[in-house]
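Me: Could you take me through one part of this protein at close range? I'd like to follow the chain from one spot and see what it connects to.

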Amino acid sequence: MAIGPDLFDEIEALKKERNAIILAHYYQEPDIQEIADFVGDSLQLAQAAQGTKADVICFAGVHFMAETAKILNPGKTVVIPDLDAGCSLADSCPPDAFAAFKARHPHAKVITYINCSAGIKALSDVIVTSSNAERIVESFPPEQELIFAPDRNLGAWLSEKLGRKMILWDGSCIVHEQFSERKLVQLKVRNPDAEVIAHPECEASVLRHADFVGSTSALLSRVKASDRRSFIVATEPGIFHEMQRAAPEKTLLEAPIHGSCPTTGACNECPHMKRNTLEKVRDSLRDLSPAIDVPEPLRSRALQPILRMLELSR
Ligand code: 13P
Ligand code: SF4
């Protein structure tokens with residue numbers, strides 16, 4: 001069904017009525033990115049949540065992002081359009097199992113990717129995102145033993161790039177694991193002038209063919225700044241909306257995935273991110289539900305490593 005202008009007007013009116021802000025991740029559908037007050041990567045969204053004066057935050061992203069916003073803003077109402085918008089990486093790291101893993105390495109500091117639950121954040125020394133991970137890992141002295149969780153691909157990429165051994169948790173992203181090395185090489189051969197850009201959640205077999213690796217915002221900056229005319233992009237295709245808006249003259253090709261997707265033809269879309277719709281954004285602002293709640297003392301414990309990250313990212 002086509003979305004009429006009424007829905008956009010309704011959302012704008014609700015935003016004013018609630019003194020609300022809409023924060024959206026680059027993987028959200030284009031209409032949500034269009035109506036959002038701010039669109040960004042995980043770090044930029046956490047910074048925006050920390051700085052907002054709004055009473056209500058509607059977080060159009062996945063659960064761990066909205067939860068981070070709530071941890072930073074216990075006095076504000078934080079709603080997510082669809083409460084079931086989860087994340088395979090966050091799900092791959094349950095707090096009980098991670099506590100046992102951590103106990104086996106009592107001298108290690110715990111560096112955790114923001115894609116995890118509040119329970120995991122509370123067990124961490126510092127949080128990172130893909131845009132600040134290198135800097136934060138390097139802030140630890142070389143002799144310091146480090147655990148990195150939950151994404152083994154990002155962890156392995158950092159270890160290799162920084163020449164720094166880390167103890168890795170074995171988690172991964174269902175979206176970024178799907179890209180096929182064999183098909184990527186074939187696509188490169190057919191498009192020899194295209195630059196390959198990839199998110200570090202991709203497997204090493206894909207990252208080794210990338211000319212540039214970075215967070216969603218870094219990939220966007222690369223497309224804008226590069227002299228190349230075409231790009232093979234190995235990440236969730238929601239970012240294409242902003243890339244194409246910022247650089248309409250550039251050609252963007254989706255990195256190919258293993259197999260095919262007979263039902264939707266869009267298996268590299270994040271099924272969690274895509275649970276959110278414009279209608280659900282409207283409903284969440286109207287009903288102030290589903291709201292995120294993080295009970296104490298979990299919230300205070302999870303807050304410390306997030307604040308450390310934000311401090312180290314200034
Ligand atoms: P970014 O922080 O790079 O936007 O990544 C978020 C994410 O979930 C990637 O899968
Ligand atoms: Fe999680 Fe992967 Fe979706 Fe990002 S793309 S939210 S890491 S499942």
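Reply: Happy to. Just after α14, L288 takes a positive phi of about 50°. This is a predicted model, so please read every value here as computed from it. In general, an α-helix has 3.6 residues a turn, so residues three or four places apart point the same way.

Now for the wider setting. The protein is divided into domain 1 (5-85 + 273-287), domain 2 (89-173 + 299-312) and domain 3 (176-254). Between domain 1 and domain 2, the C-alpha centres are 26 Å apart. Where these two touch, twelve residues of domain 1 are in contact with 14 residues of domain 2. On the domain 1 side, α3 (42-51) and α4 (63-72) each give at least two residues. By class, that side of domain 1 holds six nonpolar, four polar and two charged residues.

Let's stay with α4 and look at its partner, helix α15 (residues 298-312). Two packed helices are described by the angle between their axes and the distance between the axes. Here the axes of α4 and α15 come within 9 Å and cross at roughly 100°. From α4, the residues T68, I71 and L72 meet R299, A302, L303 and I306 of α15. Sorted by class, this contact has five nonpolar residues, one polar and one charged.

Next, a stop at helix α9 (residues 152-162), where L162 is found. L162 counts as partly exposed because it has 14 C-beta neighbours inside 10 Å. Leaving aside residues up to four places away in sequence, L162 touches E134, V137 and E138. With V137, the separation is 25 residues in sequence, while the C-alpha atoms are 8.5 Å apart in space.

Around ligand 1 you will find D41, S42, N115, T129, S130, C173, H199, E201, S215 and T216. This shell is made up of seven polar, two charged and one nonpolar residues. At least three residues of the shell come from domain 2 (89-173 + 299-312), and at least three from domain 3 (176-254).

Note on methods:
Residues are numbered from 1 along each chain as its sequence is written. Chains are lettered from A and ligands numbered from 1 in the order in which they are written. This is a predicted model: local features need pLDDT of at least 70, side-chain atom pairs count only at pLDDT 80 or more; totals for chains, interfaces and linings use all residues. A residue is near a molecule or strand if its C-beta atom, placed from the backbone, lies within 6 Å of it. Ala, Val, Leu, Ile, Met, Phe, Trp, Tyr, Cys and Pro count as nonpolar, Asp, Glu, Lys and Arg as charged, and the others, Gly among them, as polar. Domain bounds come from an automatic or database domain assignment. Two residues are in contact if their C-beta atoms, placed from the backbone, lie within 7 Å. Helices (H or I, at least four residues) and strands (E, at least two) are DSSP runs, numbered from the N terminus. Axes are lines fitted to C-alpha atoms, for helices over the stretch in contact, and angles run from 0 to 180 degrees between N-to-C directions. A residue is buried if 20 or more other C-beta atoms lie within 10 Å of its own, exposed if 12 or fewer, and partly exposed in between; C-beta atoms are placed from the backbone.
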